[in-house]
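Me: I would like to go through this structure and ask what the labels rest on. Please set each value against its definition.

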Amino acid sequence: MKSLVGIMWIVLVLISGCSGNPDAKRLYDDLLSNYNKLVRPVVNVTDALTVKIKLKLSQLIDVNLKNQIMTTNLWVEQSWYDYKLKWDPKEYGGVEMLHVPSDHIWRPDIVLYNNADGNFEVTLATKATLNYTGRVEWKPPAIYKSSCEIDVEYFPFDEQTCVMKFGSWTYDGFQVDLRHIDEIRGSNVVDIGVDLSEFYTSVEWDILEVPAVRNEKFYTCCDEPYLDITFNITMRRKTLFYTVNLIIPCMGISFLTVLVFYLPSDSGEKLEAGEEEEEEEEEEEGDEEERKKGERNGKVEGRSNVKKYEKERDRWMELSAEFSIQVSCYVCVSLSISILLSLTVFFLLLAEIIPPTSLVVPLLGKFVLFTMILDTFSICITVVVLNVHFRSPQTHVMAPWVRRVFIHVLPRLLVMRRYNTTSKRTDYDSRPQYQIDKRSIGGQHGQRVMVRTCNGLELRDPSLFVETSASELVESSVLFPSLDSQDDLHPRELEAVNLGSACRIHGSPAATVAPPPQLPTEESVDALCNTLHHWHHCPELYKAIEGIRFIAEHTKREEDSTRVKEDWKYVAMVLDRLFLWIFTLAVIVGTAGIILQAPTLYDDRIPIDVRLSEIASTTAKPHIVTSL
């Protein structure tokens, strides 16, 4: 029973709905029964029909820089008077307004001239609103893709002005007088020509201005004017996204170019330090064992062992230097090349965003190109500096002007201080040449003096030497060190002193008890010289002296070569420091000169979309609403 009552109630509602308002139905039949929608609704053919238009922007969907297309969602508000659609509300039950399909009445063919999609007119034919006075209002929604000339000179700190040009495609100015709804008589410009009351703010653009201008254009073919209304939408890009994702990384990469000159040229030597120290320790242990064995057997290897040792050392030094040069060059140059590759990636990313125009170079493109040029120069300069750093006296001769400019003049200007090895060596050599450990040696040794032998420095008993024919040997400082000698005494030499050595060349130690050893004096040296007489009968001593002389000459040549190499390294260091300051200044000045020329950085205009939009006012954060 209840279901039957429900069905009957639904049927009654449907029947009443179908019948509708009889007055409105009668009005609709009377207005459109003999209406011709193809004829312009004017009394006289020579009269112009005034059509007013206005845009209501709902959303700025996209601004495609590459394709130069602006996509907008808006309403095209149009209104005009049709004398054939007037009626008296009293005759139709007080009906003053009627909604009819727009396809049943005459409509002005208002289209978007600069359309880039293919649909020049409104695709959705919504209903039009008829007023008893004959006023017709039509507000269809549409999504337009309009062509927009993009200026990328200051990208991403750019400001774009896109236009939307609306006009009648068929009628000239004498037939349809196109005007803006808010136009003031006597003026063709409307400051706020687009309604932004229901605009959803864009996350990429701020709308600064939306003026509308009425234009009249005459062509050579015709005498009548052709009218259009151009809506100019001025937008300013929000730069936070581009600043965080493009500007800051590019600036960071550009400053990395400067750090190339702060990287030491021989930084690769750290990679081989551990292995080299292990090899040196093993060689030292082997030499110590051989030395002890030689002392026990009383033999001296002579010049053959010295040459063998020198050959092995030279081989290891050559391999070490070669590996160090390769690693150093790789570290310095690869850093610059990595920076260049990073900038290339950013440049390719930028090329995907901006339009392929040959008119101007974008601001960010200028900055990336500037950084790439700096990095290219840094690679070239790094190669030159590495070439200078690894020069040697065997391949290059330092010119006097190079020594004066890069060793004496520029370091003072660059506030560089060089480690004075000469003064340090002089201070070191001014100390006593030989220092004896004054610990108690025991009560089994006699009075001894220090003698330089093939095994190093040893303590000998003067009483063992009874001949007086060794004065030349003493004067040549082979057996005994003089006070004017410039040879350094290292701790290793002191540790090599064997108090109990039994080298047969220099005799055997005495077994008498003596006080702790002392440094040699003139009296002790003269007494020892007067007692030496059989030293020339020992052929091993000749070999030892010859080997020592060879070592001394080789060491002197190596020190001279090392000194020249250190000068070249210092010249390379001065070049690095010089270009460090030059590139730092260039990066700072270039970055500021390129970025700060964007005019939008100094534009303090407040966007009007946030101020005029009711939706933005209700959804904005409290501090934004307060500022408005």
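Reply: Start with glutamine 78, which is in strand 2 (residues 69–81); strands are DSSP runs of E with at least two residues, helices are runs of H or I with at least four, and both are numbered from the N terminus. This is a predicted model, where local features need pLDDT of at least 70 and side-chain atom pairs count only at pLDDT 80 or more, while totals for chains, interfaces and linings use all residues. Residues are numbered from 1 along each chain as its sequence is written, and side-chain values use heavy atoms, with hydrogens and water left out.

Me: Why is glutamine 78 called buried?

Reply: Buried means under 20% relative accessible area, exposed means over 50%, and partly exposed is in between (1.4 Å probe, protein chains only). Glutamine 78 has 3%, so it is buried.

Me: Which residues does glutamine 78 touch?

Reply: A contact means heavy atoms within 4.5 Å. Leaving aside residues up to four places away in sequence, glutamine 78 touches Lys52, Ile53, Pro108, Ile110, Val136, Glu137 and Trp138.

Me: What makes cysteine 148 and cysteine 162 a disulfide?

Reply: A disulfide is a pair of cysteine sulfur atoms within 2.5 Å. The sulfur atoms of cysteine 148 and cysteine 162 are 1.8 Å apart, and they form a disulfide. Cysteine 148 is in the loop between strand 7 (141–147) and strand 8 (159–168), and cysteine 162 is in strand 8, 14 residues apart. By this rule the count comes to one disulfide.

Me: Why is the disulfide of cysteine 148 and cysteine 162 called left-handed?

Reply: The torsion about the S-S bond of cysteine 148 and cysteine 162 is about -80 degrees, so the disulfide is left-handed.

Me: How do you know whether cysteine 148 is buried or exposed?

Reply: Cysteine 148 has 3% relative accessibility, so it counts as buried. Cysteine 162 counts as buried because its value is 1%. Cysteine 250 is buried because its value is 1%, whereas cysteine 221 is exposed because its relative accessible area is 64%.

Me: What is the peptide bond from phenylalanine 155 to proline 156?

Reply: That peptide bond is cis, with omega near 5 degrees. Proline 156 is in the loop between strand 7 and strand 8.

Me: What is the phi of glutamine 68?

Reply: Glutamine 68 has a positive phi of about 55 degrees, although it is not a glycine. Glutamine 68 lies in the loop between strand 1 (49–64) and strand 2. At 30% relative accessibility, glutamine 68 counts as partly exposed. Valine 415 also has a positive phi, near 55 degrees, and lies in the loop between helix 7 (400–413) and helix 8 (421–429). Valine 415 is exposed, because its relative accessible area is 72%.

Me: Which residues make the nonpolar surface patch?

Reply: Phe255, Leu585, Ile588 and Val589 make a patch of about 370 Å². Helix 12 (residues 539–595) gives the most to the patch, with three residues. Leucine 585 is in helix 12, and leucine 585 counts as exposed because its relative accessibility is 56%.

Me: How many helices and strands does the protein have?

Reply: The protein has 15 helices and 16 strands. Of its 628 residues, 37% are buried.

Conventions:
Patches are made of residues with over 30% relative accessible area and no salt bridge: like charges are joined within 9 Å, nonpolar side chains (Val, Leu, Ile, Met, Phe, Trp, Tyr) within 5 Å. Accessible areas come from the Shrake-Rupley method with a 1.4 Å probe; for residues, only the protein chains shown count as cover. A salt bridge is a side-chain nitrogen of Lys or Arg within 4 Å of a carboxyl oxygen of Asp or Glu.
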